[in-house]
Amino acid sequence: MSRVPVVLAGARGHGRWHVANIRRLERAGLVRLAGICELTPLTEQEAGGELPEQSADFGALLDSTGARIAVICTPIPTHTDLALTAARRGVHLLLEKPPAPSYAEFRRMADGVAEAGVACQVGFQSLGSHAVPAIRALIAEGAVGEVVGVGGAGAWVRDEAYFRRAPWAGRRRLNGADVIDGALTNPLAHAVATALAVGGTARAEDVAGIETELSHANDIEADDTSCVRITTARGHRVTVAATLCAERADEPYVLVHGSRGRITFWYKQDRVLLQRAGHGPEEYDHGRTDLLENLVGHLTTGGGLLVPPDETGAFMKVVEAIRRAPDPEPLPDGAWHRLPGENRRVVPGVDGLVAAAADTLSLYSELGAPWAPRTEHPLKEVSTR
């Protein structure tokens with residue numbers, strides 16, 4: 001079987017991970033790195049081997065290389081146009097998360113891809129975890145009773161340089177275009193998407209209402225300490241709390257609340273803890289399917305895609321609610337302090353608040369955080385189509 005030619009757009013920053021992953025699949029005989037699209041060409045060292053064709057013109061590079069797959073890992077506002085550039089040429093896609101900065105741009109991308117008849121995989125790597133279907137099976141068999149809600153917690157640390165890594169970093173808008181680079185929509189987007197997915201509420205029509213609380217300790221436009229609560233069409237709540245200003249970095253997780261137990265999923269580790277009435281705790285380690293490998297399999301053997309665009313519709317409703325919410329409020333000076341040795345800002349007590357939000361499905365304001373902004377009224381419809 002011939003190797004599938006792949007072009008990577010955006011090979012620096014997070015794109016370095018894609019370079020290494022494509023090279024891994026190249027060694028396995030599945031793909032061939034046919035081209036790299038970057039404004040400044042990569043060196044052999046950066047490319048992880050012999051240099052493929054390089055160009056700053058994405059469309060021309062797709063044409064000259066005969067690519068079958070394009071991996072797009074570029075600034076968020078460019079995703080839709082680049083995806084459609086590939087789709088119009090019949091090139092299939094692995095599109096980094098978040099797939100778009102607004103629901104309207106998401107629909108333009110998804111509808112255009114569908115019309116072109118190409119496959120599109122959205123890069124929520126956590127949804128390639130074998131733990132996701134395993135958790136759904138536990139829920140379906142009633143292991144924890146009826147699902148009453150799902151929590152998500154992400155307590156991370158990022159230094160101030162993180163928000164200067166690119167012109168769009170930490171921005172809600174740039175040059176008139178939406179960016180929406182907040183904690184819940186980009187670095188901890190997996191917590192939101194995974195919390196929605198394990199509860200079976202991943203599609204846009206699964207969302208009935210959304211509440212947001214957005215704030216920041218860093219000198220940025222977007223949120224770095226925020227929470228969101230989604231009311232689902234099934235009637236349960238999904239609450240996800242996140243911060244990039246934690247006292248200590250912790251593994252993010254999703255927590256399924258059942259009437260007779262709970263399931264904790266540390267999604268970066270593919271590790272699951274089942275706790276239920278009448279049983280001792282049960283822990284499981286799962287494998288993971290790489291999303292590019294899954295896309296290649298879809299094209300070569302007809303297997304199903306793990307993360308097609310429609311399975312990220314609910315996540316994009318959250319992005320839209322955050323986009324439409326008032327700009328995040330800066331935390332008062334007394335609510336945070338700087339760690340000079342690490343050049344980062346810390347919100348004391350936020351680690352516990354993040355965990356409590358996931359545990360009780362509450363927002364920061366309901367947990368008594370003195371700096372929490374007023375809760376927005378639930379949005380009953382966030383489509384701008």
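This is a predicted model: local features need pLDDT of at least 70, side-chain atom pairs count only at pLDDT 80 or more; totals for chains, interfaces and linings use all residues.
Apart from its neighbours within four places in sequence, Glu26 is in contact with Arg3, Val31, Arg32 and Leu33. Is Glu26 buried or exposed? With a relative accessible area of 16%, Glu26 is buried, because the cut-off for that term is under 20%.

Proceed to a pair of helices. Select residues 79-87, which are helix α4, and residues 103-116, which are helix α5. The axes of α4 and α5 are 9 Å apart and meet at an angle of about 5°. Helix α4 is therefore roughly parallel to α5, since angles under 35 degrees count as such.

Now show the side chains where the two helices meet. On the α4 side, select Thr80, Asp81, Ala83, Leu84 and Ala87. On the α5 side, select Glu105, Arg108, Met109, Gly112, Val113 and Ala116. Coloured by class, the residues of this contact comprise 6 nonpolar, 2 polar and 3 charged.

How many cavities of 30 Å³ or more does a search of the whole structure find? The search finds 1, and the largest cavity has a volume of about 30 Å³. To locate this cavity, select the residues that line it: Tyr162, Phe163, Gly170, Asp181, Gly182, Pro187 and Leu244. By class, the lining consists of 4 nonpolar, 2 polar and 1 charged residues.

Methods:
Residues are numbered from 1 along each chain as its sequence is written. Side-chain values use heavy atoms; hydrogens and water are left out. Axes are lines fitted to C-alpha atoms, for helices over the stretch in contact, and angles run from 0 to 180 degrees between N-to-C directions. Helices (H or I, at least four residues) and strands (E, at least two) are DSSP runs, numbered from the N terminus. Angles under 35 degrees count as roughly parallel, over 145 as roughly antiparallel, 65 to 115 as roughly perpendicular and the rest as oblique. Contact means heavy atoms within 4.5 Å. Ala, Val, Leu, Ile, Met, Phe, Trp, Tyr, Cys and Pro count as nonpolar, Asp, Glu, Lys and Arg as charged, and the others, Gly among them, as polar. On a 1 Å grid over the protein atoms alone, a cavity is a set of points where a 1.4 Å probe fits but cannot get out, and a pocket is an open set with protein on both sides within 12 Å along at least five of seven lines; lining residues have an atom within 4 Å of a point. Grid points are joined across faces, edges and corners, and a volume is the space filled by probe spheres set on the points. Buried means under 20% relative accessible area, exposed over 50%, partly exposed in between (1.4 Å probe, protein chains only).
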